[in-house]
Amino acid sequence: GGEQPMDPREVFRQVLADFGIDVYIEELKQDMSSVVEAVKDGDSEEVKRFVARHKVFLISVIVPLVAVLRFPGIIVWALRGVMPLMAFLMRAMWVTLARNPQLRARLIDWLWQQLLRMQAKQA
């Protein structure tokens, strides 16, 4: 029986499509184009609308990128200070979840509900 090997890139594209991320990326590109044109014309309202619509993107991608480019030492600071703390906290959370099946079930249920809500918003 010859099962076709799966192309990892195609699987990744399908996951993005299933969660609507590909649509978000296209909207982001269009919004960025609009912002660039508006800035050229001196319109700051379009920038405000862009920031309001894409707060999560700006906070999670752009702000850290600018911080690292401006202050490269942040990387060393993060690796020496923040990363060990995060590793400790993640391990503590993992041990807690491993020892408490009810808490683990509640967390998995909550994560599933969040995924369903995200998918419903995209539909």
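This is a predicted model: local features need pLDDT of at least 70, side-chain atom pairs count only at pLDDT 80 or more; totals for chains, interfaces and linings use all residues.
Student: Let's start with charges. How many salt bridges does the structure hold?

Tutor: Eight.

Student: Which residues are linked in a network of salt bridges?

Tutor: D31, E46, R49 and R53 are linked that way.

Student: Take D31 and R53. How far apart are N and O there?

Tutor: The gap is 3.2 Å, N to O, between the two side chains. This pair links distant parts of the chain. D31 sits in helix 2, while R53 sits in helix 3, residues 45–53. They are 22 residues apart.

Student: Is D31 buried or exposed?

Tutor: Buried. Its relative accessible area is 16%, and buried means under 20%.

Student: And why does R53 count as partly exposed?

Tutor: Because its relative accessibility is 43%.

Student: What about E46? Which partners does it have in salt bridges?

Tutor: R49 is one of them, with the closest N and O atoms 2.8 Å apart. R53 is another, at 3.5 Å, N to O.

Student: Where do E46 and R49 lie?

Tutor: Both are in helix 3. They are three residues apart, about one turn of the helix.

Student: How accessible are E46 and R49?

Tutor: E46 has a relative accessible area of 14%, so it is buried. R49 is partly exposed, at 39%.

Student: Switching to the core. Which residues make up the largest nonpolar core?

Tutor: There are five: L28, V35, F50, F57 and L58.

Student: Which elements give two or more residues to this core?

Tutor: Helix 2 and helix 4, the latter spanning 55–70.

Student: Pick V35. What does it touch, not counting residues up to four places away in sequence?

Tutor: V35 touches E46, V47 and F50. F50 is also in that largest core, and E46 belongs to the salt-bridge network.

Student: Now the outside. Which residues form the nonpolar patch on the surface?

Tutor: M6, V11, V15, F19, I21, I25, W112, L115, L116 and M118. Together they have about 870 Å² of accessible area.

Student: Which helices each supply at least two residues of the patch?

Tutor: Helix 1 (8–18), helix 2 (21–40) and helix 6 (101–122). Helix 6 gives the largest share, four residues.

Student: V15 is on that list. Where is its place, and why does it count as partly exposed?

Tutor: V15 is in helix 1. Its relative accessibility is 39%, so it counts as partly exposed.

Student: Last one, W94. Which helix is it found in?

Tutor: Helix 5, residues 73–99.

Student: Is W94 buried or exposed?

Tutor: Exposed. Its relative accessible area is 61%, and exposed means over 50%.

Student: What separates the C-alpha atoms of W94 and R104?

Tutor: A distance of 9.5 Å. The two residues are 10 residues apart along the chain.

Methods: Residues are numbered from 1 along each chain as its sequence is written. Side-chain values use heavy atoms; hydrogens and water are left out. Patches are made of residues with over 30% relative accessible area and no salt bridge: like charges are joined within 9 Å, nonpolar side chains (Val, Leu, Ile, Met, Phe, Trp, Tyr) within 5 Å. Accessible areas come from the Shrake-Rupley method with a 1.4 Å probe; for residues, only the protein chains shown count as cover. A salt bridge is a side-chain nitrogen of Lys or Arg within 4 Å of a carboxyl oxygen of Asp or Glu. Buried means under 20% relative accessible area, exposed over 50%, partly exposed in between (1.4 Å probe, protein chains only). A nonpolar core is a set of buried Ala, Val, Leu, Ile, Met, Phe, Trp, Tyr and Cys residues joined through side-chain atoms within 4.5 Å. Contact means heavy atoms within 4.5 Å.
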